[in-house]
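Visitor: I would like to learn how to read a model like this one. Please walk me through it.

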Amino acid sequence: MPINQVSRYNYKHQFETIKDKLFLEIYSSILEGDYILTEALKKFENNFARYIGSNHTIGVNSGTDALYLALLSLKIGKGDEVITVANTFHATVLAIILTGAKPILVDCDLDNYHMIPQQVESSISSNTKALLVVHLYGKVVNMKPLIDISTKYNIPIVEDACQAIGAKWKGIRAGNIGLIGCFSFHPSKNLAAAGDAGGITTNNSELSNYLCKLRHFGQIKQNEHLILGLNSKLDSLQALILDYKLSLIDKWNSQRSKIANKYKASLNHLPIDFQDEGKPYEHVYHLFLIRTKRRSELLQYLRNYGIDAVVRYPVPIHFQESFKDFIQGKPGQFPNTESLSKETLCLPIRPDMSDIEIEYICTNIIRFFNYKY
Ligand SMILES: *Cc1c(COP(=O)(O)O)cnc(C)c1O
């Protein structure tokens, strides 16, 4: 049967093989009434840490909280600066601002769409307290120059790995390269909870202990609050769901990567660009971007054919209304980020996508370029 639409998500598929056991466990957990900081949470945290290769995982409410708490655990606040990239999701920079620190932005590269290391180095000041590296779209940033900068100036690296669960650089997984890794399990992400959820990874026991206090009102035991914290604990029911899905994530990520290859093979001859990939990177394709000068037209065209294409991110960080008191952005300040914001769109990419769906999308894109040039 011919199709006339392609969606971005298929949650039913994600639960297909696990739901019988999982739903029974959720059911009995709810009736038991053991909800907060449970064994189920610990089990997921241990399994997630093992998966990433790190010593510790601390489950929190969201990726945003993961970033915010990670920066707090490094005692970052007013008067400090954190360097990150203008081409990222809002929450990366929000987390910096929430600590009271000043975000220092750098531009991205037009081949890998990631932060430009030379600009990171030239942005360092005596107030720089962290490099917040964003593995955008599911590909790890080239870490070599950033590790060199981190070592030379003794400034820790925090990874925003919210889009890069399972992605690797030189065999090391995102979140296990810097001092702290931050993850989101938002429903849109490759490893999706049924609601908001996030996690922090680190190999540093002291930081891990501190983060466990931070997420739990700064308390060591009931009514003994040592530091100012937050209430940001990963929900136990979400942890149950995530633990089941974690066993499938490698399979799903490799399916995403196969779909990306099919897209590239079909679209290669068109006037469009892709984020670069290949060794030593293992891209997990949280998003599959194509870049064209005719982005807005193409987006509308695809949407008219029922294809759920979207733009990530149409408003660069330095132009966002909510940040205007913290970032004085000028047009042309980060030209590459601004170009990508006008020229890229994301095609649907789901592990369960059929060849018919991929072909439907590619055929429409090819038709767009052939008939409208
Ligand atoms: C999703 C995302 C976040 C925030 O995660 P939430 O769980 O939605 O709070 C932060 N940074 C990046 C790059 C993201 O993609």
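Guide: Start at Pro-280. Leaving aside residues up to four places away in sequence, Pro-280 touches Lys-168, Trp-169 and Lys-170; contact means heavy atoms within 4.5 Å. The model is predicted: local features need pLDDT of at least 70 and side-chain atom pairs pLDDT 80 or more, while totals for chains, interfaces and linings use all residues. Residues are numbered from 1 along each chain as its sequence is written, and side-chain values use heavy atoms, without hydrogens and water.

Visitor: Where does Pro-280 lie?

Guide: Pro-280 sits in the loop between helix H10 (249-267) and strand E12 (281-282). Helices (H or I, at least four residues) and strands (E, at least two) are DSSP runs, numbered from the N terminus. Pro-280 is partly exposed, at 35% relative accessible area. The scale: buried is under 20%, exposed over 50%, partly exposed in between (1.4 Å probe, protein chains only).

Visitor: How do I read a sheet?

Guide: Look for pairing: two strands pair if DSSP finds at least two bridges between them. Here 7 strands form an open sheet with mixed pairing, in the order E1-E9-E8-E5-E4-E2-E3.

Visitor: Why is one side of E1 and of strand E3 (102-106) left without a neighbour in the sheet?

Guide: E1 and E3 stand at the edges, each with a single partner strand, so one side of each has no neighbour in the sheet. Further in the order, strand E4 (residues 128-134) and strand E5 (residues 157-160) pair in the parallel sense over 4 bridges. Leu-132 stands opposite Val-158 in E5.

Visitor: Which strands does helix H7 (residues 143-153) lie across?

Guide: H7 lies across E4 and E5, running at about 170 degrees to E4. Axes are lines fitted to C-alpha atoms, for helices over the stretch in contact, and angles run from 0 to 180 degrees between N-to-C directions.

Visitor: And pockets?

Guide: Rolling a probe the size of a water molecule over the atoms shows where empty space is left. On a 1 Å grid over the protein atoms alone, a pocket is an open set of points where a 1.4 Å probe fits, with protein on both sides within 12 Å along at least five of seven lines; lining residues have an atom within 4 Å of a point. The largest pocket is lined by 37 residues; Tyr-9, His-186, Ser-188, Lys-189 and His-286 lie nearest its centre. H4 gives the largest share of that lining, 3 residues.

Visitor: How many residues line the second largest pocket?

Guide: The second largest pocket is lined by 18 residues, with Lys-42, Glu-45, Thr-57, Cys-212 and Arg-215 nearest its centre. H3 gives the largest share of this lining, 5 residues.
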